[in-house]
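Thanks for coming. I will go through one structure today, residue by residue where that helps. Please have a look at it before I start.

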Amino acid sequence: MGGTGPFPSSTGEPDKPVMGREEVDRVLARLGAEHEAIESSLLALQDHAGRRLLEGAELTGVTKDRWATTEQAISLLWTYFDAYTDALHTAREVRSRHRWSTPGELAELTELLRGPGITLPSSASLSGAPLLSEQLTVEALVDRMNRWYAEALDVIVTADAVWSALPARIDMLTAELRRTRSLAHSVGVRPGEHPSGDDLERITAELTSLRAEVVSDPLAFWSGASPSSAPGGGRPDTTRYDAAARALEDVRREIEAVLDVRQDAERRLMRLRDVLSRADRTLAEARQARGEVLAKIAASEVPAVSGPPTVLQEQLVTAAEYRRRAQWHRLSPLLESLEERADDELLRARESLTAVTAPLAVRAELRGRLDAYKAKVARHGMAEDPLLIERYDTARRMLWSAPCDLRAAEAAVLRYQQAASEVLVPRQTGPRDRRTGEVL
């Protein structure tokens, strides 16, 4: 847009009783240039797209109040400009009477160009008490026009900047919102059925309200300096728009997660079935092992084994039903919960089996230790030692009989181990274990 800067100011000259001819010619030339600049600026303001939009809009709030004042200022600017034009025309007419102006003409020109010779009607006041008339100098007239023009331009340019930025962005976000809502409905994310569906409704209402407010009250959505007085110093306030965009992005990610569930649901359900099946088999093995331990091991505390996780099985059936009905928004959180709990259940089953079979593991370790010492004794030719035979038979009978008293069997194995060490020590000269004193 041309003519968006302020009018050139009229600096004037130091007051003198009567202006000389050359000085009069300089002032007239300057005022003529100012007149052309003022006219160009007013015409540019009149043709500004922001002004046309403000004239045709149903305004509210601060924009309505400021535009009412601005419209009056624009009208008065033309009134001032007409008065300025008349004063300049009169001065030029006086100056053109003679090539060399007479003293009387110079005095008249001095009054026209320096004195308060411009009379304005009472309607020429934007604020304050009404006046019947007002007289201004040319310099005061231009200064006031400068100020009102800048204020009018601020309102017009600010409104135009907001309208150029926010509605288009809101429309683009609204289009993205419609696509997201369509996708959400396809996977069962609807208001009242899923939190993201409710979020989409709130975002829709917010964008509708925001756009209506931006269109009717653009000045309420500007932060910082006005664009005309400080380019780059202000900008449209996008706080609410940005919040809606972030909320929509959160919903979009949630929808994508639901879509991932739809694409991967069968594989995840199969894995869940496998994990729960392994947990059931492990628990069954633990229950069987517990019966064996109770039959074969005496004086041992064997922990109880819980039954299969029926709640998880029921939820697995529910998950399969959600998949069959394409209720992906319900399936997504249920699968996440089931996967975590199924893994925990398998771990618990394995820990239960380990705890139940611990006595059998202890018995197996004692059996292995007893046979290892017997083989060691045989290698050194002491297998026929009566004491060793007696203690070996005692320990073996305890370990291979049912129910087995582990404490007594462990003591018997230890006695056999000690007897073997005592018999073997005098006959062996090889290196010894520093911890046990045994020959290696």
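**A buried arginine, and what follows**

Arg268 is buried, with a relative accessible area of 13%. Buried here means under 20% relative accessible area, exposed means over 50%, and partly exposed is in between, with a 1.4 Å probe and protein chains only. Arg268 is found in helix 7, residues 239–296. Helices are DSSP runs of H or I with at least four residues, strands are runs of E with at least two, and both are numbered from the N terminus. What does Arg268 touch, not counting residues up to four places away in sequence? The list is Val261, Leu335, Glu336 and Glu339, where contact means heavy atoms within 4.5 Å.

Before I go on, a word on the source. This is a predicted model, in which local features need pLDDT of at least 70 and side-chain atom pairs count only at pLDDT 80 or more, while totals for chains, interfaces and linings use all residues. Residues are numbered from 1 along each chain as its sequence is written, and side-chain values use heavy atoms, with hydrogens and water left out.

Now the overall picture. The protein has 12 helices and six strands. Of its 440 residues, 39% are buried. Take the contacts between residues at least 6 apart in sequence: 73% of them join residues at least 24 apart. The accessible surface comes to about 23,700 Å², and carbon and sulfur atoms account for 52% of that; the areas come from the Shrake-Rupley method with a 1.4 Å probe, and for residues only the protein chains shown count as cover.

Next, helix 4, residues 103–114. Its 12 residues reach 16 Å from the first C-alpha to the last, close to the 16 Å expected at 1.5 Å a residue. That expected span is 1.5 Å times one less than the number of residues. Which residues of helix 4 are buried? They are Glu105, Leu106, Leu109, Thr110, Leu113 and Arg114. Seen down the axis of helix 4, these buried residues fall within an arc of 140 degrees, so they line one face of the helix. The arc is that of the directions from the helix axis to the C-beta atoms. The buried residues of helix 4 pack against helix 1 (21–47), helix 3 and helix 5.

On to the aromatic rings. Rings of Phe, Tyr and Trp (its six-membered ring) pair if their centres lie within 6.5 Å; planes under 30 degrees apart count as stacked, over 60 as edge-to-face and the rest as tilted.

Trp78 and Phe81 form an edge-to-face pair, 5.9 Å centre to centre, with 90 degrees between the planes. Both lie in helix 3 (residues 61–95), three residues apart, about one turn of the helix. Trp78 is partly exposed at 25% relative accessible area, whereas Phe81 is buried at 5%.

Tyr80 and Trp148 form a tilted pair, 5.2 Å centre to centre, with 50 degrees between the planes. Tyr80 lies in helix 3 and Trp148 in helix 5 (residues 138–186), so the pair ties together parts that are 68 residues apart in sequence. Tyr80 and Trp148 are both buried.

Last, a histidine. His48 lies in the loop between helix 1 and helix 2 (49–56). Is His48 buried or exposed? His48 is buried, with a relative accessible area of 6%. The C-alpha atoms of His48 and Val157 are separated by 8.6 Å, although the two residues are 109 residues apart along the chain.
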